[in-house]
Amino acid sequence: MTIGNNRDKIVFESEVMGMSINLKRIKAERVAKGFTQEQVANKIGMNRSSYIKRENGNVPFGADELAKVAEILGHYSDIQIFFALNVPEREQFI
């Protein structure tokens, strides 16, 4: 599996997975819970700059980092809300 950047989300290139992390959803949940980027960064043990790079899609979230963020935001048991299914346009039902 390789990981690459695709503007507002980190794309996991895998035929099996077909999933991407929805960074806009992470930010929306953080804002809705009233957390600043610095607060979340401190809670997961990194500096604000490192967290911002992940939330903006410049650096991919590690699995353990994403799990910690989900826990902080109250979504550990339903972490799948931070993922989007990538279905090629030709396979979508319109």
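The following legends describe close-up views of a predicted model.

**Figure 1. Overall arrangement of the chain.** The predicted chain contains four helices and four strands. Read from the N terminus, these elements follow the order β-β-β-α-α-α-α-β. Of the 94 residues in the chain, 31% are buried. Among contacts between residues at least 6 apart in sequence, 49% join residues at least 24 apart.

Figure 2. Helix α2 spans residues 37-44, and its buried residues are Gln37, Val40, Ala41 and Ile44. These residues cover an arc of only 100° around the axis, and therefore lie on the same side of α2. An α-helix has 3.6 residues a turn, so residues three or four places apart point the same way. Asn42 and Lys43, on the other side of α2, are exposed. The cover over the buried residues of α2 includes α1 (23-32), α3 (48-55) and α4 (63-72). Gly45 follows α2 and has a positive phi, near 85°.

**Figure 3. Packing of α2 against α3.** The axes of α2 and α3 are 8 Å apart, and the two helices pack at an angle of about 105°. This angle makes α2 roughly perpendicular to α3. From α2, the residues that take part in the contact are Gln37, Glu38, Val40, Ala41 and Ile44, and they meet Arg48, Tyr51, Ile52 and Glu55 of α3. Sorted by class, the contact of α2 with α3 comprises five nonpolar, one polar and three charged residues. Val40, Ala41 and Ile44 are among the α2 residues that meet α3, and these three are also among the buried residues of α2.

Figure 4. Three salt bridges are found in a search of the whole structure, and one of them joins the side chains of Glu29 and Arg25, at 3.0 Å from N to O. Side chains of opposite charge can pair when their charged atoms come close. Glu29 and Arg25 are four residues apart in helix α1, so about one helical turn separates them. Glu29 has a relative accessible area of 14% and is buried, whereas Arg25, at 32%, is partly exposed.

**Figure 5. The salt bridge between Glu55 and Arg30, linking α3 with α1.** The side chains of Glu55 and Arg30 meet at 2.8 Å, N to O. Because Glu55 belongs to helix α3 and Arg30 to helix α1, the pair ties together parts that are 25 residues apart in sequence. Glu55 is buried, with a relative accessible area of 5%. Arg30 is likewise buried, with a relative accessible area of 6%. Glu55 is also one of the α3 residues that meet α2.

**Figure 6. The salt bridge between Glu65 and Arg54, linking α4 with α3.** The closest N and O atoms of Glu65 and Arg54 are 2.9 Å apart in this salt bridge. Glu65 lies in helix α4 and Arg54 in helix α3, so the pair ties together parts that are eleven residues apart in sequence. Both Glu65 and Arg54 are buried. The relative accessibility of Glu65 is 17%, and Glu65 therefore counts as buried, the limit being under 20%. Apart from its neighbours within four places in sequence, Glu65 is in contact with Met46, Arg54 and Pro60.

**Figure 7. The buried face of helix α4 and its surroundings.** Glu65, Leu66, Val69 and Ala70 are the buried residues of α4. Viewed down the axis of α4, these residues fall within an arc of 135°, so they line one face of the helix. On the other side of α4, the exposed residues are Ala63, Asp64 and Glu71. The buried residues of α4 are covered by elements that include the strands β3 (19-22) and β4 (83-85), together with the helices α1, α2 and α3. Just after α4, Gly74 adopts a positive phi of about 80°.

Definitions and conventions
Residues are numbered from 1 along each chain as its sequence is written. This is a predicted model: local features need pLDDT of at least 70, side-chain atom pairs count only at pLDDT 80 or more; totals for chains, interfaces and linings use all residues. Side-chain values use heavy atoms; hydrogens and water are left out. Buried means under 20% relative accessible area, exposed over 50%, partly exposed in between (1.4 Å probe, protein chains only). The arc is that of the directions from the helix axis to the C-beta atoms. Contact means heavy atoms within 4.5 Å. A salt bridge is a side-chain nitrogen of Lys or Arg within 4 Å of a carboxyl oxygen of Asp or Glu. Axes are lines fitted to C-alpha atoms, for helices over the stretch in contact, and angles run from 0 to 180 degrees between N-to-C directions. Angles under 35 degrees count as roughly parallel, over 145 as roughly antiparallel, 65 to 115 as roughly perpendicular and the rest as oblique. Ala, Val, Leu, Ile, Met, Phe, Trp, Tyr, Cys and Pro count as nonpolar, Asp, Glu, Lys and Arg as charged, and the others, Gly among them, as polar.
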